[in-house]
Amino acid sequence: MVSGKGRRLLVTGGAGFIGANFVHHVLRTRPNDHVVVFDKLTYAGNLANLADVSDDPRYAFVHADICDAGAVERVLSAHGIDTVVNFAAETHVDRSIDDPEAFIRTDVNGTYTLLEAARAKGLRYHQVSTDEVYGHVAEGASRETDPVAPRSPYAASKASGDLLVHAYHVTYGLHTTISRGSNNVGPYQYPEKAVPLFSTNALEGLPLPVYGDGRQERDYQWVGDHCEAIDLIVDRGPAGEAYNVGTGTSIQNLTMVDIVLETLDRPRSLVRHVTDRPGHDRRYAIDTAKLQALGWRSRHTPEQAVAMAAAWYRDNEAWWRPIKSGEFRAYYDRMYGGRAVLPAGG
Ligand code: NAD
Ligand code: DAU
């Protein structure tokens, strides 16, 4: 365990949603740890997410791309990094359907670049992955031993990353771990994702575009619970292992929508059923027994997590208003402008 003397972590993608929450978690709970955030600052990266740790002497920021092998090598050497935690990725399924190229570049080639650098220096490597690698699960719950069966370009790029990570453990003996998280919700999530999109649209009095009948199921988990799990796995997960991370309960999107509207005291008349996402995975569900055996428990149900997230957007307009008036506007028009509105009920 590296934590006794304090870890020196490279957190790639640390200016994004989960990465920033992870940085806050580590700096708050691990006084001996040092954190270097390494981020390309794509549309999803936002230094405002890290503003309140920017003066911490245990924190540093490097603006660079995980596909740039030279930049990766330099940061590892300059900061004496012992552990890489890779959050950096293209992450939105709808964007991957629109244009998959950036997903292959960052989620596959970028993962490869980081693995090579970790191999050269014999570092620990943690890959932040997703339950989407298992694909649609008609019944029951995915276990870590199940084969990956991704169905969107995003999920395929993440599954490819997972396969490379495992290969580097088996072939080169690299100390790797993988976490496969379900849908996170909470502070700093870019408002392209359903919960922040629906929350901010509701607050603006705009329609909530529900894909198809809205009866798809997701395991919405509080981002802080996910960050605790990643920290535990990085610290104690045996090399070569993968762990599912979630509440273990999935709810329908329509239930999520009702919780958002109820929390924000907005009417159900804002709901619009619109043309479904192509290849939309209807249900994700994961078995988290393996992580529980390592000592982790989810602290919030999906219902609590969604309500807490909606309340955060209500209370933090200064964070999301500038985002929704920038690059986001063109994205929203492209993604939703041509979608047909379906009869009530989808
Ligand atoms: P996000 O889209 O909010 O942030 C991604 C971050 O990565 C941004 O800061 C961006 O600037 C950075 N980035 C992108 N390409 C980069 C590159 N080439 N080099 C360096 N930095 C780059 O993502 P998120 O929702 O916080 O997800 C983080 C990780 O967790 C991803 O790997 C994702 O697949 C995984 N994950 C997400 C969820 C979820 O519900 N959001 C669930 C499970 C797993
Ligand atoms: O399961 C983990 C994954 O969760 C992460 O790996 C991804 O990075 C993250 O984007 C998320 O993927 P989803 O596609 O499940 O999340 P999203 O928030 O885009 O959508 C959640 C559900 O809501 C899904 O069933 C699609 C639906 N939806 C989404 C949007 C954006 C709508 O009905 N309308 C929308 O406008």
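**Exercises on a predicted chain**

Among contacts in the chain (heavy atoms within 4.5 Å) between residues at least 6 apart in sequence, 83% join residues at least 24 apart. This is a predicted model, in which local features need pLDDT of at least 70, side-chain atom pairs count only at pLDDT 80 or more, and totals for chains, interfaces and linings use all residues. Residues are numbered from 1 along each chain as its sequence is written, chains are lettered from A and ligands numbered from 1 in the order in which they are written, and side-chain values use heavy atoms, with hydrogens and water left out.

**Exercise 1.** Compare the radius of gyration of the chain with that of a compact globule of 346 residues.

*Solution.*
- Step 1: The radius is taken over C-alpha atoms, and the globule rule is 2.2 Å times the number of residues to the power 0.38.
- Step 2: For 346 residues the rule gives a value near 20 Å.
- Step 3: The chain has 19 Å, which agrees with a compact globule.
- Step 4: The C-alpha trace spans about 55 × 45 × 35 Å along its principal axes.
- Step 5: Of the 346 residues, 57% count as buried; buried means under 20% relative accessible area, exposed over 50%, and partly exposed in between (1.4 Å probe, protein chains only).

**Exercise 2.** Which residues of helix H12 are buried, and where do they lie around the helix axis?

*Solution.*
- Step 1: Helices (H or I, at least four residues) and strands (E, at least two) are DSSP runs, numbered from the N terminus. The chain has twelve helices and 13 strands.
- Step 2: H12 covers residues 327–336, and its buried residues are Phe328, Tyr331, Tyr332, Met335 and Tyr336.
- Step 3: Viewed down the axis of H12, these residues fall within an arc of 100 degrees, so they line one face of the helix. The arc is that of the directions from the helix axis to the C-beta atoms.
- Step 4: An α-helix has 3.6 residues a turn, so residues three or four places apart point the same way.
- Step 5: The buried residues of H12 pack against helices H3 (93–98), H6 (194–204) and H11 (317–324), and against strand S8 (208–211).

**Exercise 3.** Are Leu41 and Tyr188 buried or partly exposed?

*Solution.*
- Step 1: Most residues other than glycine have a negative phi.
- Step 2: Leu41, not a glycine, has a positive phi of about 55 degrees. Leu41 sits in the loop between strands S2 (34–39) and S3 (59–63), and is partly exposed, with a relative accessible area of 26%.
- Step 3: Tyr188, not a glycine, has a positive phi of about 75 degrees. Tyr188 sits in the loop between strand S7 (184–185) and H6, and is buried, with a relative accessible area of 16%.
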